Amino acid sequence: MAPEENAGTELLLQSFERRFLAARTLRSFPWQAVIVLVTGTQLPSPILKSQRRQDRSLEAKLRDSSDSELLRDILHKTVKHPVCVKHPPSVKYARCFLSELIKKHEAVHTEPLDELYEALAETLMAKESTQGHRSYLLPSGGSVTLSESTAIISYGTTGLVTWDAALYLAEWAIENPAVFTNRTVLELGSGAGLTGLAICKMCRPRAYIFSDCHSRVLEQLRGNVLLNGLSLEADITAKLDSPRVTVAQLDWDVATVHQLSAFQPDVVIAADVLYCPEAIMSLVGVLRRLAACREHQRAPEVYVAFTVRNPETCQLFTTELGRAGIRWEVEPRHEQKLFPYEEHLEMAMLNLTL
């Protein structure tokens with residue numbers, strides 16, 4: 001294989017690695033790239049953007065390949081990845097993935113690849129759980145691993161899974177670490193904790209306050225903080241070079257100026273919290289109280305990231321901000337480089353002035 005093909009193959013394997021570890025379903029996995037690898041054909045450039053145009057020709061070439069080494073590499077970048085072995089995804093997800101991988105192997109090779117069938121057998125014997133792990137590889141070489149619900153809605157909340165705007169905001173934070181370095185950060189509606197854990201690991205904040213109002217979300221948050229090697233504030237064994245981390249119960253509708261004053265944030269962030277008019281009104285209310293509690297000091301910087309699912313909902317948010325006297329401007333959109341959120345979704349982030 002030519003050097004440029006080797007480089008392209010490695011890029012695709014890295015894509016498999018990132019997407020498999022972070023996904024909860026197979027929808028976002030680049031199966032067409034599997035076909036590219038299996039055929040051993042010239043890899044397109046840019047690799048991932050031109051795959052769909054080659055579907056038919058690559059499918060026709062599957063019969064010509066006799067080497068299963070690349071599929072073995074895919075297996076070890078996904079199900080057998082060290083992070084995945086330590087913190088496995090949901091059994092259903094791993095089982096579906098391996099079934100699809102075996103189909104693609106059988107479409108090309110007459111000899112079975114024992115490792116694939118052994119891995120599938122393990123998932124068939126494994127017990128289903130309501131929790132699974134998702135892991136996100138960081139530029140530092142480390143990772144953020146989350147224990148999440150396998151259902152989008154559970155315990156009456158959507159806060160037990162990671163949503164796309166959290167990935168978008170985390171990626172923006174990693175590209176703009178100076179916003180958070182040596183500062184106290186308050187996150188509103190932390191959910192599973194991806195954004196905050198990425199900031200704690202990559203941006204060196206002085207203190208980080210995760211917050212949410214749902215008891216089950218808070219329980220999972222605390223577990224995810226500990227899972228990622230961070231200590232909660234009361235832990236006397238906390239590392240001196242780590243941020244001071246707190247998980248706080250915060251109900252936007254009842255939080256008082258006095259309660260918010262205790263946080264003393266320099267930066268306030270939130271992701272994917274504009275899901276209904278009621279939540280928007282509550283969010284604007286808590287932002288107004290945050291402004292009031294810093295009356296004689298510099299107000300915190302505020303960043304709110306969201307997926308534009310309903311333009312009317314977004315319009316309501318900006319309208320209510322105006323009524324509250326909160327100025328806003330749109331942050332320039334950044335390119336997706338690190339985390340596998342859905343590329344077709346419209347993402348936005350506002351910088352608010354309290």
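Is Arg72 buried, partly exposed or exposed, and what is its relative accessibility? At 22% relative accessibility, Arg72 counts as partly exposed, where buried denotes under 20% relative accessible area, exposed over 50%, and partly exposed the range in between (1.4 Å probe, protein chains only). The model is a predicted one, in which local features need pLDDT of at least 70 and side-chain atom pairs count only at pLDDT 80 or more, whereas totals for chains, interfaces and linings use all residues. Residues are numbered from 1 along each chain as its sequence is written, and side-chain values use heavy atoms, with hydrogens and water left out.

Arg72 forms a salt bridge with Glu115, the closest N and O atoms being 2.6 Å apart, a salt bridge being a side-chain nitrogen of Lys or Arg within 4 Å of a carboxyl oxygen of Asp or Glu. Because Glu115 belongs to helix α7 (residues 114-125) and Arg72 to helix α4, this pair ties together parts that are 43 residues apart in sequence; helices (H or I, at least four residues) and strands (E, at least two) are DSSP runs, numbered from the N terminus. Glu115 is likewise partly exposed, with a relative accessible area of 26%. By the stated rule, the count of salt bridges comes to 11. Among them is the pair of Lys77 and Glu17, whose side chains meet at 3.8 Å, N to O; since Lys77 is part of helix α4 (residues 69-77) and Glu17 of helix α1 (residues 3-22), the contact ties together parts that are 60 residues apart in sequence. Glu17 is buried, its relative accessible area being 12%.

Between Glu148 and Arg134, a salt bridge is formed with the closest N and O atoms 3.2 Å apart. Glu148 lies in strand β2 (residues 143-149) and Arg134 in strand β1 (residues 131-137), so that the pair ties together parts that are 14 residues apart in sequence, and both Glu148 and Arg134 are buried. Glu148 is also one of the residues in contact with Gln220, neighbours within four places in sequence being left aside, where contact means heavy atoms within 4.5 Å. Gln220 is found in helix α10 (residues 215-227) and, at 5% relative accessibility, counts as buried. A network of salt bridges links Arg183, Arg298 and Glu301.

The largest nonpolar core has 44 residues, those with the most contacts inside it being Phe180, Phe210, Ile269 and Phe339; such a core is a set of buried Ala, Val, Leu, Ile, Met, Phe, Trp, Tyr and Cys residues joined through side-chain atoms within 4.5 Å. Helix α8 (residues 164-175) gives the most to this core, with nine residues. A second, separate core of 30 residues includes Ala255, Val286, Phe317 and Ile326.

Aromatic pairs number six, with rings of Phe, Tyr and Trp (its six-membered ring) pairing if their centres lie within 6.5 Å, and with planes under 30 degrees apart counted as stacked, over 60 as edge-to-face and the rest as tilted. The rings of Trp172 and Tyr303 have centres 4.9 Å apart and planes at 40°, so this pair is tilted. Trp172 lies in helix α8 and Tyr303 in strand β7 (residues 301-307), so the pair ties together parts that are 131 residues apart in sequence. Trp172 counts as buried at 6% relative accessibility, as does Tyr303 at 5%. One aromatic cluster is formed by Phe20, Tyr93 and Phe97.
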